[in-house]
Amino acid sequence: MTGAALPLLLYAAVAVPLAAALMSLVPGWRHWQMAVLPWVPLPALLAALLVPEGTVAPLPGVLLGSGLMFDTLARLFLGFSAFLWMAAGAHAARTLADRPAPFAGFWLLTLSGNMLAVLAADVVAFYMGFAALSLAAWGLVIHSGTPEARRAGRVYIRLAVLGESLLVMAMMLGAATAGSVVIGDVSAALATAPDRGLAVGLLIAGFGIKAGLMPLHVWLPLAHPAAPVPASAVLSGAIVKAGILGLLRFLPFDAAMADWGAVLVAAGFFTALVGAILGMMQTRPKTALAYSTLSQMGLVCAAIGVGLAAPLDAGARAALFGAVALYIVHHGLAKGALFLAVDAVPAGPWWARAAGFLTALAIAGLPLTGGALAKAVLKAGLGSGAVVWLATFSAVATTILMLHAVRLIANSPAKGAPPPRLPFAVLALAAPVAGWAVASTLDPAAAAAALAPAKLFDALWPVALGAAIWAAAARWQWRWSWRAPEGDLVVAYERLGARVAALVSSAASVRLRKARAGRG
Amino acid sequence: MTALLPLLILATSLVPAVVIFLLPDSRPGLRVAVNMAGALGKLGLVGLMLLGVAGGTAYDLAFPLLPGLEFRLKIDALGLLFLTLSAFLWLLTTVYAIAYFRGTPDQSRFFGFFSLCVAATTGVALSGSLITFFIFYELLTLSTWPLVAHKGDAKSIAGARAYLAYTLAGSVVLLIGIVWLESLVGPVVFADTELLDGADARSLVMIFALLVLGLGVKAALVPMHGWLPTAMVAPAPVSALLHAVAVVKAGAFGIVRVVYDVYGFERVHELGVGLPLAVLASVTIVWGSLRALAQVDIKRRLAFSTVSQVSYIMLGAAIAGPAATVGGLVHLVHQGLMKITLFFGAGALAERQGITRVDQLDGAGRRMPLTMFAFSIAAIGMIGVPPIAGFVSKWQLGVGGVQAGDIWVLFVLAASSLLNAAYFLPLIERAWFRPSPPDAAAPAGGEGPPALIWPAVVTALVALAAGLFAGFAFSPLGWASMIAQREYGL
């Protein structure tokens, strides 16, 4: 492929899923829709592998002057997302073929939004991609039409729309201050803007909703069990990660924002620890996995918060981005594999069960896995002090949670028809491979250092402790005296929302009655 | 020829009006031909005018009506923006109305007043002075009243009476303001803002209030918006025209003219009347959306949504940032496109399926897919999701607010988006994600006659294109930016 043609791959990465989504509107295309799902992200994967960094693909005249760009972060996010979408698409093509519409349309629209958000060079295109992936995923959540799915959809869409509103405010603020819509300009302008406190707060809240940061996380534990298995895989594996990408792209790391940095660190660790504990209380595998996702993302947010609190120069910033990207790549693939395992492992062959356990332990940080590497790099970025102990504590909690989740998966009853196992196997294999590959290219020294015996022990003892606690709990039948409901805080939010709505409508009708009485 | 072009454009609506009044109801074919000839002719002449203005020709036509009272037609970029929007949407509404009213009585009366209404709107766009503007503004009131009352039943007559009461009251206030102003500074010609230099500030502030309140009735500013939901008794093509292009837009357009071409941008902020107008517009934005939430009837919900959305235009005019000016101006076009789509869709749903209430929408997406597709695109655009045009206007308004130092504008826009989502998303959810009620069936003979369904699809796609390709110079955004730069030096 010649150099001149490579930017075309960037356009294709977004255009092909979009075209496929539009095709799904055509009635005659119905039976092709699902078959096409696994192949649509292929241009994106090729782009991630082949396109050189620094390529730009302008779209003059589109929106407010738009375009696509390609840097290291874009390559990493594009690569693992495309791979995950392909595997999950293959799974969906087999398991959901009987009810294709309108699932396929929403799937493809979400996918094109994801690709656009990763590749966007300007704020408006990013926002458009983010909006597409948030709003179209609604269709995936409520696909099954059950009352549980409807309630999950309601909570999901309300939080998604709230997130969109907060983000658009932050972006308008940034673009107005910067006088440009290019993402780099906006982020740089935010570092010195007088309103940067407001903007950063809005960004953290808006992207935090997507990444599952407490207390805005309540959609996650509801949406994952309600959505079909492949949709949950991409929700946890790719869509949640878009929130993290947004934080990396927009937060002004050049400036020292000690207060918002501290908020992010506190919220991140709170989510990581409380999320893990809530996950341990769950009895359904997909809900446990959902809590584990938000717990892991909490840890990542804490690391980002540490970076935000102090001004970072270019080198430190690259190191932070590298660490986060490595963690995200591994987690995205591994978590996607575990969600597919919900179908693939029960009543399956021994290797499926083994792959499931190993993947779960990799997320927990078992030494020599890509997950351990990612955790080590992230921990290094946290510096020293209390945060390191919190991170270690979270590693113990994660181990217990992941083992609990995988046990729930393994013990669930088998589904009717034999499920596809190849996509699960491919993802489970890809997670450690990608982890090591990314680590070796980004920071070979750290990768080699992680193999040192001292480091190995550092990584091993939290996992061993967690495994011991889990084994003890299983052996002696420890039970929780109280279980949180799925979605925990959502019950409180729903009651609050109902009360506010009643208040507003009664105020509006009271005013009308008074006006009518006055006139009449 | 060039001097006569404004008159010719007026004639393309006036002449069909007269001819149609003379036609009996039993000649539908001839009536359709006259209607379409007028609509297409207007669009063609507007195209000519666009080329002329782009090339730098100025169109100015003045003749005295009475001693001291001049009738002036002038075409500038802002008037042309409004004129193009109304010509394009009039064509589509004509097509839609022909299909909608097929087989009903009193069509000649309807189309006669319909053409008069569009003639009046054209005159509003072409006015070169405040008095000319007032003349056509009144003609608009008088020609739309029979349209609101068209069905002739008790509810329609009552709705039309409320409409007349509100708009005439507004006209009185407007006239007082105009007369006072002209007694101070002489005949007011648009874009001659230096005329007001001699007058004292106190009088100018009070005149501004009178003008805005007078124009605000048609523009549905709170608390003068009461006529709009009541006027929903009118048939769907009337609602579509009223909301998207004729009446409400004329009011908003009038306020924009007052701010930029009578007082001038700088004077408005010197006098300190910008902030009260911005606050009034913001209150309208939020209040309209809150009331829309409470409505169960689809058209009433859309009416309150119009109350809320048209105030974006006034908000843009009131804020001192250049981007806000562009945002307000471009929303004239964007809101027109999206709102007319929603009303076309609501009318088709009512006609073909008897759907008038929100709870009747379950499963409508399967029974009338094209209509609901267009409706969904317009609704999502109203919420402000890119790439549909509504996002572009909101973005410009937000950026303009920040530029002017008014951060609170961001919160108003965000609240408005959330409320819009709250009352539009349930409609989309019902139509696409719920099964149809057991007694509902797809309409016999397909979704509907093409002339009833396709205008909505066309305007929805144009709204999508206006947002997606907003970066091009010939998009509505490009045009609005050009107006802001060329006319107001922003």
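This is a predicted model: local features need pLDDT of at least 70, side-chain atom pairs count only at pLDDT 80 or more; totals for chains, interfaces and linings use all residues.
**View 1. The interface between chain B and chain A.**
Here's where the two chains meet: 35 residues from chain B and 35 residues from chain A take part in the contact. Together they bury about 2900 Å², and carbon and sulfur atoms account for 83% of that area. If you want three residues to look at on the chain B side, pick B:Trp395, B:Leu410 and B:Phe433: they supply 23% of the area that chain B buries against chain A, more than any other three residues.

**View 2. Polar links across the interface.**
Zooming in on the polar side of things, there are 5 residue pairs in polar contact between chain B and chain A, with both partners at pLDDT 80 or more. The salt bridge count between these chains is 1. To find a salt bridge here, look for the side chains of B:Glu429 and A:Arg150, which come together with an N to O distance of 3.2 Å.

**View 3. The chain B face that touches chain A.**
Which helices of chain B each supply at least two residues to this face? They are α12 (274-294), α17 (389-403), α18 (408-433) and α19 (450-468). Of these, α18(B) gives the most, with 10 residues. Sorted by class, the face of chain B that touches chain A holds 25 nonpolar, 6 polar and 4 charged residues.

**View 4**
Seven names to spot here: A:Trp389, A:Phe457, A:Trp461, A:Leu465, A:Ile469, A:Trp476 and A:Trp478 make a nonpolar surface patch of about 830 Å². Helix α20 (residues 453-475) of chain A is the top contributor to the patch, with 4 residues. A:Trp478, on the other hand, sits in the loop between α20 and α21 (490-519) of chain A.

**View 5. A salt bridge within chain A.**
Over all chains, the salt bridge count comes to 14. This close-up picks out the one between A:Arg151 and A:Glu494, whose closest N and O atoms are 3.1 Å apart. A:Arg151 belongs to helix α7 (residues 147-178) of chain A and A:Glu494 to helix α21 of chain A, so the pair ties together parts that are 343 residues apart in sequence.

**View 6. Cis peptide bonds in chain B.**
Two spots in the chain B backbone get a close-up here. The bond from B:Val222 to B:Pro223 is cis, with omega near 5°, and B:Pro223 lies in the loop between α7 (201-218) and α8 (227-230) of chain B. B:Pro386 and B:Pro387 are also joined by a cis peptide bond, with omega about 5°. You'll find B:Pro387 in the loop between α16 (369-383) and α17 of chain B.

**View 7. A positive phi at A:Leu63.**
Back in chain A, take a look at A:Leu63: its phi is near 50°, a positive value in a residue other than glycine. Where is A:Leu63 found? In the loop between β1 (56-59) and β2 (66-69) of chain A.

Methods:
Residues are numbered from 1 along each chain as its sequence is written. Chains are lettered from A and ligands numbered from 1 in the order in which they are written. Side-chain values use heavy atoms; hydrogens and water are left out. Patches are made of residues with over 30% relative accessible area and no salt bridge: like charges are joined within 9 Å, nonpolar side chains (Val, Leu, Ile, Met, Phe, Trp, Tyr) within 5 Å. Accessible areas come from the Shrake-Rupley method with a 1.4 Å probe; for residues, only the protein chains shown count as cover. Contact means heavy atoms within 4.5 Å. Buried area is the accessible area (1.4 Å probe) that two parts lose on being put together, summed over both. A polar contact is a pair of N or O atoms within 3.5 Å; within protein, one must be able to donate a hydrogen and the other to accept it, and residues adjacent in sequence count only if both atoms are side-chain atoms. Ala, Val, Leu, Ile, Met, Phe, Trp, Tyr, Cys and Pro count as nonpolar, Asp, Glu, Lys and Arg as charged, and the others, Gly among them, as polar.
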